[in-house]
Amino acid sequence: MSSRSALVTRDPTTGLRRNPIRHPNGNPPAPYGCRWCGAEQRHHGKRWVASAGQHAWTRPTNTQILARMKARRAAKEA
């Protein structure tokens, strides 16, 4: 197992995979946050993450949007 994959965890409340760098407080990203880092478009600029490198805001996939919506709902109910 690589050290990068050792950082990835599954949030027990929301079910989303996360790591301590991208979502340190465990809150799910906004449904329409960046595909790669979860940041909202209006606050994004240029960012770097290991999975995508230096990147501009990219629309999340429909699957990501749905998963994020479900995760936010689960977090509210918990």
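**Figure 1. Overall fold of the predicted model.** Residues 24 or more positions apart account for 38% of the contacts in the protein with a separation of 6 or more. The model is a predicted one, and its secondary structure consists of two helices and four strands. Read from the N terminus, these elements follow the order α-β-β-β-β-α. The protein has 78 residues, of which 29% count as buried. Its accessible surface amounts to about 5,600 Å², and carbon and sulfur atoms contribute 52% of that surface.

**Figure 2. Confidence along the chain.** The pLDDT of the protein averages 79, and 77% of the residues score at least 70. Among the elements, strand S4 (residues 53–55) has the highest mean pLDDT, 92, whereas helix H1 (residues 3–7) has the lowest, 48. The pLDDT lies below 50 over residues 1–5, a stretch that makes two contacts in the model beyond near neighbours in sequence.

Figure 3. Helix H2 comprises 16 residues, 62–77. At 1.5 Å a residue the helix should span 22 Å, and the 23 Å between its end C-alpha atoms agrees with that expectation. The buried residues of H2 are Ile-65, Arg-68 and Ala-71. Viewed down the axis of H2, these buried residues fall within an arc of 130°, and therefore they line one face of the helix. Asn-62, Thr-63, Arg-73 and Glu-77, on the other side of H2, are exposed.

**Figure 4. Surroundings of Tyr-32.** Tyr-32 is placed in the loop between S2 and S3. Leaving aside residues up to four places away in sequence, Tyr-32 touches Trp-57, Arg-59, Pro-60, Ile-65 and Arg-68. The C-alpha atoms of Tyr-32 and Met-69 are 9.3 Å apart in space, although the two residues are 37 apart in sequence.

**Figure 5. The cysteine pair Cys-34 and Cys-37.** Cys-34 has a relative accessibility of 0% and so counts as buried. Cys-37 is likewise buried, with a relative accessible area of 9%. The cysteine sulfur closest to that of Cys-34 belongs to Cys-37, at 3.9 Å, which is too far for a bond. Since a disulfide requires sulfur atoms within 2.5 Å, the 3.9 Å from the sulfur of Cys-37 to that of Cys-34 is too far for a bond. A search of the whole structure finds zero disulfides.

**Figure 6. His-44 and its contacts.** His-44 lies in the loop that runs between strand S2 (17–18) and strand S3 (47–49). Its relative accessibility is 5%, so His-44 counts as buried. Apart from residues up to four places away in sequence, His-44 touches Cys-34, Cys-37, Ala-39, His-55, Ala-56 and Trp-57. Trp-57 is also among the residues touched by Tyr-32.

**Figure 7. Gln-41 at the exposed side of the loop residues shown.** Gln-41 is found in the loop between S2 and S3. Its relative accessible area is 53%, so Gln-41 counts as exposed. Gln-41 and Ala-56 are 15 residues apart along the chain, and 9.0 Å separates their C-alpha atoms. Ala-56 is one of the residues in contact with His-44.

Technical notes: Residues numbered from 1 in each chain as written. Predicted model: local features only at pLDDT ≥ 70, side-chain atom pairs only at ≥ 80, totals over all residues. Heavy atoms only, no water. Buried < 20%, exposed > 50% of the residue type's maximum accessible area, 1.4 Å probe, protein only. Contact = heavy atoms within 4.5 Å. Areas by Shrake-Rupley, 256 points an atom, 1.4 Å probe, with all protein chains shown as cover. pLDDT = per-residue confidence, 0-100. Expected span 1.5 Å × (residues − 1). Arc of directions from axis to C-beta.
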